[in-house]
Amino acid sequence: MTVTETHIQSSPQLLPTSGRAWWKESSVYQIYPASFKDSNGDGIGDIPGIISKLDYLKALGVDVVWLSPILQSPQVDMGYDVSDYYAIHPPYGTLEDVDRLIHGLHARGMKYVMDLVVNHTSDQHEWFKQSRSSKTNEFRDWYIWRKPRYTVDGVRQPPNNWGSYFSGSAWEYDEQTDEYYLHLFAAEQPDLNWENPKVREAVHKIMRYWLDKGASGFRLDVINFISKDQQFPDVPVVDPMQPYPEGAKYYACGPRLHEYLQELGSILKEYDAFSVGEMPSVYDPSEILNAVGFERQELGMVFQFEIMDIDHGSRGKFFPGKFRLKDLKTVVTKWQSFMYENNGWNALYLENHDQGRSISRFASEKEEYRALSGKMLATFLGLQSGTPFVYQGQEIGMVNLPESWHIGNFRDLEAINFWNELTQACPEDTKLHNQTMKELRLKSRDNGRLPMQWGPGKFADFSSGTTNPWIDVNQDYGRWNATSQVSDPSSIFNYWANILKLRKVWVDVFVYGSFELIAEDHNELFVYTRAFGEMKAVVINNFSGKGVEWTVPAEIASILTEGKFLTGNYDERRTACFEENVMIVNPFEAFVVLKERPSHAF
């Protein structure tokens, strides 16, 4: 049942001490295994390579390590097409390697979180092989099969007009049984039928297996898609250029979603386990609260996509859009306030394996601003209310792929399919091609999948092999790499480490404190406060490449003049001093001031 606005507004304010949990006080580091560290020179990252870098993660100060899919897979979609939930993809290693990884993490006081993909499987999974073999097979109902529709002229059509996120129809015709199966993603990723209790039992068994092996929880891929409207209605077509529109209104939060999530939640609660659900196409906080409300015991937190969609064009991800700070303020304030007031929880992220790099998208990758931008974004993100997620390379300021890339350099199925469809439909439109390539370089998934830049050696010390890695290395690695940053006290790496440390030292205010946006109408500054009891912190971030003259609001003036300066990305900024209520905030500057005993003015 959806929480209504009336109910939310009438709910009593909950104390900030309610709903404490270890995973709320943790920070998470996401690893994309193929691109993290190659230990055997084959050009593909692997689990032994990850194990070799555990001390690096410990030095950063993260608490939880999440690995994108490592299970056996044909790799049509980089492991998000699982063919065996109990085996490891051979290029990544073995089950014994996973045991060593978990042991190594635990020995360093860290936990392992697994990426679990259960909305769909690979078409090479034995379940699907059996399912498509005949209509009477016992696994037939483990997937979603429907009969064709026919036009008045007898032309065969899919069961409805839902579109795949990767290309064309979300239905694939199977000639052997004369039916279509649903695949919201690639044709090689058939959707499981969660209406079948045997499917849910199989998923529960998989979860228990990995929790018993030492995993501390799961990131659950597109978990809000598991319940579909069983009428499978058509979606109204609003753009004739898109005959297969997105059908998310019929599956993004389907009729039985929370029933299914409560089943998963009961297992997670039994193990005191971490959970974060990926929930695209959901923008109603009330609906997400149904999944993450602390009392509901479904999920710990979810990834919602409003920030990630903020620079998308009106016709989709790869069409031009514009990042506006006012839009970011609206989105952040919405989720920060709502979750705090309703005892929910946020997953904080600006980067992951599906997104462009945050410096390139939201700040500046120019040499003079790159380090400042990385530190500013760390301050902006890391001190909000929620669990922060750091994506590999974010902590050293990695940026998007270079402008020299053409479509032949890409490995992202989504980007390649989009490019092929566009160039086939508009073969002579050079202006559109150039515009689209610019958007691909900004937002494609490959931006976050380039090899981790460990050092200045060949292939950025990602691999000791002699052949190119599975995807090209960004050529700026000589200047921007982990080796040069770990030992540099002024590096982005050590700044991130300090931000994560501040969350632990001042856990009440930065983890459990309230959030308030300051200077809402300012076009360059994103300023917010965090408060708990008598403590109040001010976090100031300049999202522009120019110095800003700012009239300090009266409600935070005494904090800035009397409080303790905690951190900042300009060496000369040791205090938040200002004259006649006017402060100069430097280009891409960020700093934090905390006052433990505020005056009665607030």
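At roughly what angle do the axes of helix H12 and helix H16 cross, and within what distance do they come? The views below take this up, using a predicted model in which local features need pLDDT of at least 70, side-chain atom pairs count only at pLDDT 80 or more, and totals for chains, interfaces and linings use all residues. Residues are numbered from 1 along each chain as its sequence is written, and side-chain values use heavy atoms, with hydrogens and water left out.

**View 1. Helices H12 and H16.** The axes (lines fitted to C-alpha atoms, over the stretch in contact, with angles from 0 to 180 degrees between N-to-C directions) of H12 (residues 367–382) and H16 (residues 492–505) cross at roughly 15 degrees and come within 9 Å. That makes H12 roughly parallel to H16 (angles under 35 degrees).

**View 2. Helices H13 and H14.** Here the axes of H13 (residues 413–425) and H14 (residues 430–443) come within 11 Å and cross at roughly 170 degrees. So H13 is roughly antiparallel to H14 (angles over 145 degrees). Phe418 and Trp419 are among the H13 residues that meet H14, whose partners include His433 and Met437.

Methods. Helices (H or I, at least four residues) and strands (E, at least two) are DSSP runs, numbered from the N terminus. Angles under 35 degrees count as roughly parallel, over 145 as roughly antiparallel, 65 to 115 as roughly perpendicular and the rest as oblique. Contact means heavy atoms within 4.5 Å.
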